[in-house]
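Morning, everyone. Please bring up the model on your screens, and we'll walk through it together.

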Amino acid sequence: MRSAYSVETVRAAERALMARLPEGALMQRAAAGLSAACAELLGRVYGSRVVLLIGSGDNGGDALYAGARLARRGAGVTAVLLSPERAHAQGLAALRRAGGVSAVPEAADDAIGRADLVVDGIVGIGGTGGLRPDAERLVAAVARTRAAVVAVDLPSGVEADSGQVRGAAVRADLTVTFGTYKPGLLVDPAREYAGVVRLVDIGLELPAEPELEALQHADVARLLPRPAAESDKYRRGVVGVAAGSGRYPGAAVLAVSGALRGGAGAVRYVGPAAEAVIARFPETLVSDRGPAGAGRVQAWVTGPGAGDDAATVAEVLAAEVPVLLDADGLRLADRDAVRGRTAPTLMTPHAGEAAALLGVAREEVEGARLAAARELAAVYRATVLLKGSTTLVADTAGGAVRVNATGTPWLATAGSGDVLSGLGGSLLAAGLSALDAGSVAAYLHGLAGRFAAQGAPAGAHDVAECVPEAWRDVRD
């Protein structure tokens, strides 16, 4: 499990640790890890040209001490000081003793242009509201260079807690972060600026519950439902799928495929696409009696391709079993009906749907995905899976938000979300909580997308077919 903590929590843990350590010891730990990562990226330190971009915060001090270590190994190190009078005095002195030099921003372009490595120590984890003009000019110069770029703790210009990017920001090849991950390193849009993220342990003692957590293979493997010797279709979980319409029969087919490939013991289908569903999946149990008369299910999926069938969505929401609400169902569902449910509800909007539910512009959701997921979960009293390049799952009870990064751009294809809905429904029916079902479904769906594409175009049907392969990859 990768865990990320808020700036406030990290600061408190740093203060507690510094109170027990000799003065400057914590910064030296960070600098040692940073310099080792820089040396590894350079390959050959001796004779290399390194430029440090130094702001007034502690991460500027980390960069200066790391630069001193590289200078002692034979690198030519130049520190560009945005505020010379506010630069970390001891770190700057250490750099100069090691043979490094300093420069002002106005004279930095040539050094940046010739650099093999640029170390971004402009703004630390407390930075918000975008960069100042002098920092923006340096960021633009870095963008023009072919040098490798290493960010200290997180790229300057991205916000640690929210993942928002307000204007110019450093695009790093490697981010060396200290003590713990910060939410912005795991959530888009900031995540795409971070490059590869390397965590350096500096000995922080952190609370048990993080702000954000990212499941890894082992975590997902522990959550995967597995049939026992005496399992039957009901013990494995029966999923009801109320989806599709005369205009969108394929949505029903794809949702059913996701449920079947996701391990459901059986799938009951209700809706106008029964003929198309049976033609593709003859094992599906079809009913024309509506959700209430379809027979026993452990969970429902409703909304994909539903068109304007608000009555069916309302009937599903009245069921006393977990419900996954997607696509048209999000638009058709009565907010109070969702809020009043006693069984779990898992909502799976993309950014546009989330924006419509919150009454804001899509760009506002895309720029502050973490806040949007939390707000939706609170407003609807439901677990919310916000789809995107990094999928977020926020629980109705609050707590750590789950983030998934297994997705691939190849999943941006019609019907892919319908497959995810069916997959999530199968996991709900198997007994997973809405938080776990959403998290595991997103993880498997992302892996399946990667396997289906393998760098080439693939459709939603191909993604569904690769879900068992993703399951095996996690399990093994």
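Let me begin with a definition. We say a charge sits over a ring if NZ of Lys or CZ of Arg is within 6 Å of the ring centre and within 35 degrees of the ring normal. Keep that in mind. This is a predicted model, and it gives us an example. Find Arg171. Its charged end sits over the ring of Tyr193, 4.1 Å from the centre of that ring. So much for charge and ring. How many aromatic pairs does the structure hold? The count is 0.

Now the sheets. Start with the open sheet of 7 strands. Read the order with me: E4-E3-E2-E5-E6-E7-E8. The pairing is parallel. Which strands stand at the edges? They are E4, residues 101–103, and E8, residues 196–200. Each has a single partner strand, so one side of each has no neighbour in the sheet. From one strand to the next, the twist averages 20°.

Stay at the E8 end. Strand E7 covers residues 174–178, and it pairs with E8 in the parallel sense. That pairing runs over 5 bridges. Look across from Val176 in particular. Opposite it, in E8, stands Arg198.

Two loop details belong here. Go to Asp153, in the loop between strand E6, residues 148–152, and strand E7. Asp153 is not a glycine, yet its phi is positive, near 75°. Next, Pro189. You will find Pro189 in the loop between E7 and helix H7, residues 191–194. What kind of peptide bond joins Asp188 and Pro189? It is a cis bond, with omega about 5°.

Strand E14, residues 323–325, runs parallel to strand E15, residues 345–347. They are joined by 3 bridges. Val323 stands opposite Thr345 in E15.

Last topic: empty space. How do we find it? Rolling a probe the size of a water molecule over the atoms shows where empty space is left. Searching the whole structure turns up 1 cavity of 30 Å³ or more. The largest cavity holds about 50 Å³ of space.

Who lines it? The residues are Leu215, Thr391, Val393, Arg402, Val403, Asn404, Ser439 and Tyr443. By class, that makes 4 nonpolar, 3 polar and 1 charged. Three elements each give at least two residues to this lining: strand E17 (391–394), strand E18 (401–404) and helix H19 (434–453). Which element gives the largest share of the lining? That is E18, with 3 residues.

Terms used:
Residues numbered from 1 in each chain as written. Predicted model: local features only at pLDDT ≥ 70, side-chain atom pairs only at ≥ 80, totals over all residues. Heavy atoms only, no water. Phe/Tyr/Trp six-rings, centres within 6.5 Å; stacked < 30°, edge-to-face > 60°. 1 Å grid on protein atoms, 1.4 Å probe; cavity = no way out; pocket = protein on both sides within 12 Å on 5 of 7 lines; lining within 4 Å. Points joined across faces, edges and corners; volume = space filled by probe spheres on them. Helix = DSSP H or I, 4+ residues; strand = E, 2+ residues; numbered from the N terminus. Nonpolar A, V, L, I, M, F, W, Y, C, P; charged D, E, K, R; others polar. Pairing = 2+ DSSP bridges. Axes fitted to C-alpha atoms, helices over the stretch in contact; angles between N-to-C directions.
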